[in-house]
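Here is a briefing on a single protein chain. Please view the fold before reading the notes.

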Amino acid sequence: GCKVVFKRKRIHGTLSPRLKALKFFALGILSVCMATAIIVVMYSYIENRNFRETFYSTSSIKIDTPIRIVQLSDLHGSSYGKKNQKLISRIEELSPDIIICTGDIVDSTVDDLDYAVGLAEALALIAPTYYVYGNREVEGVYGFSFTEKALDKKLGFDETSRDEAALRKYKDPFEKKLEAVGVKVLKNEKDTIHVNNIDVDVYGVLNSNPSSFWSYS
């Protein structure tokens, strides 16, 4: 009979050229992934240190004097300069008649409470300021998502007995701190403010969850 033996060939105790190439390829892929991750992190960091401005203009036969409203939204706890001075200075330059914070200023009220209150206090010194909760504030203050099913269970309601006013009866500590620095929190309600000889109604919806907007807002 004939016996054939196959052996893996090594060159002077080193890896074969094919394995060596594979090793360099794997290291190359790893380096690219690490570089990409660093770029993404740095880009996110830079983006979170800059805010975007968008201007809208509208008209009404009820208004004969210009009114400027600054709407601030979705900061998610980002800070623009020390104590948000960059953001606050820009809002001062715009000279608004009304400022409205429309939610997700924080990521969670537990971690960002002082941040939001400090910012709100500075805004209230510029112009009358309102605060409307986003889902981040809602979940932080109330402890659950405002779906229709969750609200029914929490408040003990059903299709025949739902009352959106029950949500407004809860005086949360976040609201108390905001109002203590001169910011009005709107929860399924309106406030009328006199600006430039015009009465302006400002409405704030507490619950914007699609499943329960009509039943609880």
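How many helices and strands does the secondary structure of the chain come to? The count is eight helices and six strands. Helices (H or I, at least four residues) and strands (E, at least two) are DSSP runs, numbered from the N terminus. This is a predicted model, in which local features need pLDDT of at least 70, side-chain atom pairs count only at pLDDT 80 or more, and totals for chains, interfaces and linings use all residues. Residues are numbered from 1 along each chain as its sequence is written, and side-chain values use heavy atoms, with hydrogens and water left out.

**Overall fold**

- From the N terminus on, the elements run α-β-α-β-α-β-α-α-α-α-β-β-β-α.
- The chain has 217 residues, and 31% of them count as buried. Buried means under 20% relative accessible area, exposed over 50%, and partly exposed in between (1.4 Å probe, protein chains only).
- Among contacts between residues at least 6 apart in sequence, 72% join residues at least 24 apart. A contact means heavy atoms within 4.5 Å.

**Nonpolar cores**

- A nonpolar core is a set of buried Ala, Val, Leu, Ile, Met, Phe, Trp, Tyr and Cys residues joined through side-chain atoms within 4.5 Å.
- The largest core has 37 residues, of which Leu-119, Tyr-131, Tyr-133 and Phe-174 touch the most other members.
- S1, H2, S2, H3 (109-124), H4 (135-142), H7 (173-180) and S4 (183-185) each supply at least two residues of this core. H3 gives the most, with eight residues.
- Apart from this core lies another, of ten residues, including Ile-98, Leu-186, Val-195 and Ile-198.
- Leaving aside residues up to four places away in sequence, Tyr-133 touches several partners, among them Val-138, Val-141, Phe-174, Val-185 and Leu-206. Asp-172, Glu-175 and Lys-187 are also among the residues that Tyr-133 touches.

**Largest pocket**

- The volume of the largest pocket is about 1,400 Å³.
- On a 1 Å grid over the protein atoms alone, a pocket is an open set of points where a 1.4 Å probe fits, with protein on both sides within 12 Å along at least five of seven lines; lining residues have an atom within 4 Å of a point. Grid points are joined across faces, edges and corners, and a volume is the space filled by probe spheres set on the points.
- The lining has 40 residues; Thr-54, Tyr-56, Ile-69, Val-70 and Gln-71 lie nearest the centre of the pocket.
- S1 (69-72), H2 (85-94), S2 (98-101) and S6 (198-204) each supply at least two lining residues. S6 gives the most, with five.
- By class, the lining has 19 nonpolar, twelve polar and nine charged residues. Ala, Val, Leu, Ile, Met, Phe, Trp, Tyr, Cys and Pro count as nonpolar, Asp, Glu, Lys and Arg as charged, and the others, Gly among them, as polar.

**Salt bridges**

- The structure holds eight salt bridges. In each, a side-chain nitrogen of Lys or Arg is within 4 Å of a carboxyl oxygen of Asp or Glu.
- Arg-136 and Asp-107 meet in a salt bridge at 4.0 Å, N to O. Arg-136 lies in H4 and Asp-107 in the loop between S2 and H3, so the pair ties together parts 29 residues apart in sequence.
- Glu-148 pairs with Arg-162, with the closest N and O atoms 3.4 Å apart. Glu-148 is in H5 and Arg-162 in the loop between H5 and H6 (165-168), 14 residues apart.
- Lys-190 pairs with Asp-201, with the closest N and O atoms 3.7 Å apart. Lys-190 lies in S5 (189-195) and Asp-201 in S6, so this bridge ties together parts eleven residues apart in sequence.

**Backbone and exposure**

- Most residues other than glycine have a negative phi.
- Asn-84 has a positive phi of about 60 degrees. Asn-84 sits in the loop between S1 and H2 and is buried, at 2% relative accessibility.
- Asn-197 also has a positive phi, near 65 degrees. Asn-197 sits in the loop between S5 and S6 and is exposed, with a relative accessible area of 72%.
- Lys-149 is in H5 (148-155) and is exposed, at 74%. Lys-149 and Ser-212 are 63 residues apart in sequence and 8.3 Å apart in space, C-alpha to C-alpha.
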